[in-house]
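Let us walk through a protein model step by step. Keep the sequence and the 3D view side by side as you read.

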Amino acid sequence: MPNSRCARKKESCPVAEIIANMPELPEVETITQDLKHYLLGWIITDVWSDWPRYFRLSGGLEKTRKNLIGRKVISIQRLGKNILFQLS
C-alpha cells in the first residue's frame with residue numbers, strides 16, 4: 001500500500017525504497033547457503049554496530065556484546081526471508 005504522504009508530495013518514499021531493496025526468496029536461500037559454507041563453526045570475537053540504539057530494548061549494545069562474544073555458530077537456516085543463526 002503506497003504511503004499517501006509520499007505520493008502527494010512526489011518525494012522519495014522510504015517504504016518504497018525498502019520494498020525495492022527487499023531480496024527475493026531465491027536470493028535469501030543462496031545467501032543462507034553461502035553463509036553456512038563460510039561461517040559454520042566460527043566463534044564470535046567482537047560485535048560492532050553503527051546503530052547502537054537498535055539494541056536499546058535488549059539491554060544495550062554492551063550487554064548484547066557480552067552475551068555474544070565467545071559463542072560459536074552452530075547452524076544457519078532460512079525462515080521465509082529471515083536468516084536465523086543458532087549459537088552455542
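Begin with contacts along the chain. Take the contacts between residues at least 6 apart in sequence: 52% of them join residues at least 24 apart. Keep in mind that this model is predicted.

The protein has four helices and two strands. Read along the sequence, their pattern is α-α-α-α-β-β.

Next, consider the surface. The protein has 88 residues, and 18% of them count as buried.

Move on to helix α4, which covers residues 61–68. Which of its residues are buried? They are L61, T64 and R65. Seen down the axis of α4, these buried residues fall within an arc of 100°, so they line one face of the helix. An α-helix has 3.6 residues a turn, so residues three or four places apart point the same way.

Pick out T64 in helix α4. Its relative accessible area is 13%. The cut-off for buried is under 20%, so T64 counts as buried. What does T64 touch, leaving aside its neighbours within four places in sequence? The answer is F55 and S58.

Follow the chain past the helix. After α4 comes G70, with a positive phi near 95°. Then find R71, in the loop between α4 and β1, a strand that spans 73–79. Is R71 buried or partly exposed? R71 is partly exposed, because its relative accessible area is 29% and that class lies between 20% and 50%.

R71 also has partners elsewhere in the chain. Not counting residues up to four places away in sequence, R71 touches W42, I43, I44, L87 and S88. Take W42 as an example. R71 and W42 are 29 residues apart along the chain, yet their C-alpha atoms are separated by 8.5 Å.

Finally, turn to empty space. Rolling a probe the size of a water molecule over the atoms shows where empty space is left. The largest pocket has a volume of about 170 Å³. Which residues line the largest pocket? They are L39, W42, I43, I44, V73, F85 and L87. What kinds of residue are these? The lining divides into seven nonpolar, no polar and no charged residues.

Methods. Residues are numbered from 1 along each chain as its sequence is written. This is a predicted model: local features need pLDDT of at least 70, side-chain atom pairs count only at pLDDT 80 or more; totals for chains, interfaces and linings use all residues. Side-chain values use heavy atoms; hydrogens and water are left out. On a 1 Å grid over the protein atoms alone, a cavity is a set of points where a 1.4 Å probe fits but cannot get out, and a pocket is an open set with protein on both sides within 12 Å along at least five of seven lines; lining residues have an atom within 4 Å of a point. Grid points are joined across faces, edges and corners, and a volume is the space filled by probe spheres set on the points. Ala, Val, Leu, Ile, Met, Phe, Trp, Tyr, Cys and Pro count as nonpolar, Asp, Glu, Lys and Arg as charged, and the others, Gly among them, as polar. Buried means under 20% relative accessible area, exposed over 50%, partly exposed in between (1.4 Å probe, protein chains only). The arc is that of the directions from the helix axis to the C-beta atoms. Contact means heavy atoms within 4.5 Å.
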